[in-house]
Structure formats: structure tokens, C-alpha cells
Amino acid sequence: MIKITPFFSTFFTIFIIGCSNAKYKGNNVIIDFCYDVDACVSVDKESIRLACIDDIFNLKSMKGKESRLYINNLIAGEELTINRLGYDKYGRTVANLYKDQINIQDILVNKDIAASKEEHTLSKKKSFSCKKN
């Protein structure tokens, strides 16, 4: 018979809690849909804010709808590489996304449907520079 000690019980609880958050720790993510040019949701329900870009069109405008359709056609249902940088004030993961080693944000800026930012703010008023070397 196995005797469960308080140490083992605490260790097991911490292990299970750690594993439950692990689904957002990998290097790959499958995008379910994007509700904005710079904001998507994974199939695991992780809310992702694309780092260092801003949507430049009103979502209700024709250009805004076309932009959202473009990004969904580009990455929805695709397995992408993700580089998580932190969380924004809304609890979304701020990240860089890559498809075949090409930065998704760069594609959106080059297509003139997103604007690049100089700096991106994370939660707790922390920020990082978006300048590329």
C-alpha cells in the first residue's frame, strides 16, 4: 500500500498545476481565428496580441474587414512558431508569430494593413523596444 505524505501531496498538487499551464509554453501554436489584424486566439484558447504592430483600419470599414479576412486566410488553422514576450494589461500573450520562419507582423506591415510600433507595452507598465537590429 502506498502511503501519501504531506510532502508528496504538496509536490503532486504543484506538479498538476504547473502542467495545466504548460499548454501555453510550447514553441508552436495553432491559430483558431483572428478578431483583429493584431489580435488572435489559438485553438487552445490562448489570446495572442501580435507584438510591435497596430491595426490601422477601423474594423467596421471595408478595409478593416478585408484586413481581418487577409490575416485569417494567412494563419487561421496553421501551426505557427510563437515567441512569447510577456502579457499585456488585458492578460493577452504578447508574441511574435512566424510562418515558415517569416515574421507574420512583417508581412502585415509590408501589405500596409498594420503599422509598426517603436515600443510595445506589457502589463505592469513594462515595455520593450520594437526596433530591429
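The protein chain contains three helices and ten strands. The structure is a predicted model. Along the sequence, these elements follow the pattern α-β-β-β-β-α-β-β-β-α-β-β-β. The protein chain has 133 residues, of which 33% are buried. Its accessible surface amounts to about 8900 Å², and carbon and sulfur atoms account for 56% of that area. Among contacts with a separation of 6 or more, 55% are between residues 24 or more positions apart.

Strand β6 spans residues 93–99 and is mostly covered, with five of its seven residues buried. Pairing was found between β6 and β3, β5 and β7, as described below. Strand β3, made up of residues 47–50, pairs with β6 in the parallel sense through three bridges. Within this pairing, Val 94 of β6 lies opposite Arg 49.

Strand β5, covering residues 79–87, runs antiparallel to β6, and six bridges join the two. Thr 81 has Tyr 98 of β6 as its bridge partner. Together β5 and β6 form a hairpin, with five residues between the strands. Gly 91 sits in the turn of this hairpin and has a positive phi of about 85 degrees.

The pairing of β6 with β7, which consists of residues 102–103, is antiparallel and involves two bridges. Tyr 98, the bridge partner of Thr 81, also stands opposite Asn 103 in β7. The strands β6 and β7 form a hairpin as well, with two residues between them. In a regular strand, side chains alternate between the two faces of the sheet.

Backbone angles in the loops were also examined. Most residues other than glycine have a negative phi. Asp 100, in the loop between β6 and β7, has a positive phi near 50 degrees although the residue is not glycine. Cys 52 is another residue other than glycine with a positive phi, in this case near 70 degrees. Cys 52 belongs to the loop between β3 and β4, the latter being residues 53–55.

The two residues fall into separate accessibility classes. Cys 52 counts as buried because its relative accessibility is 15%, which lies under the 20% limit for that class. Asp 100 has a relative accessible area of 67% and is therefore exposed, the limit for that class being over 50%.

Key: Residues are numbered from 1 along each chain as its sequence is written. This is a predicted model: local features need pLDDT of at least 70, side-chain atom pairs count only at pLDDT 80 or more; totals for chains, interfaces and linings use all residues. Side-chain values use heavy atoms; hydrogens and water are left out. Buried means under 20% relative accessible area, exposed over 50%, partly exposed in between (1.4 Å probe, protein chains only). Helices (H or I, at least four residues) and strands (E, at least two) are DSSP runs, numbered from the N terminus. Two strands pair if DSSP finds at least two bridges between them. Contact means heavy atoms within 4.5 Å. Accessible areas come from the Shrake-Rupley method with a 1.4 Å probe; for residues, only the protein chains shown count as cover.
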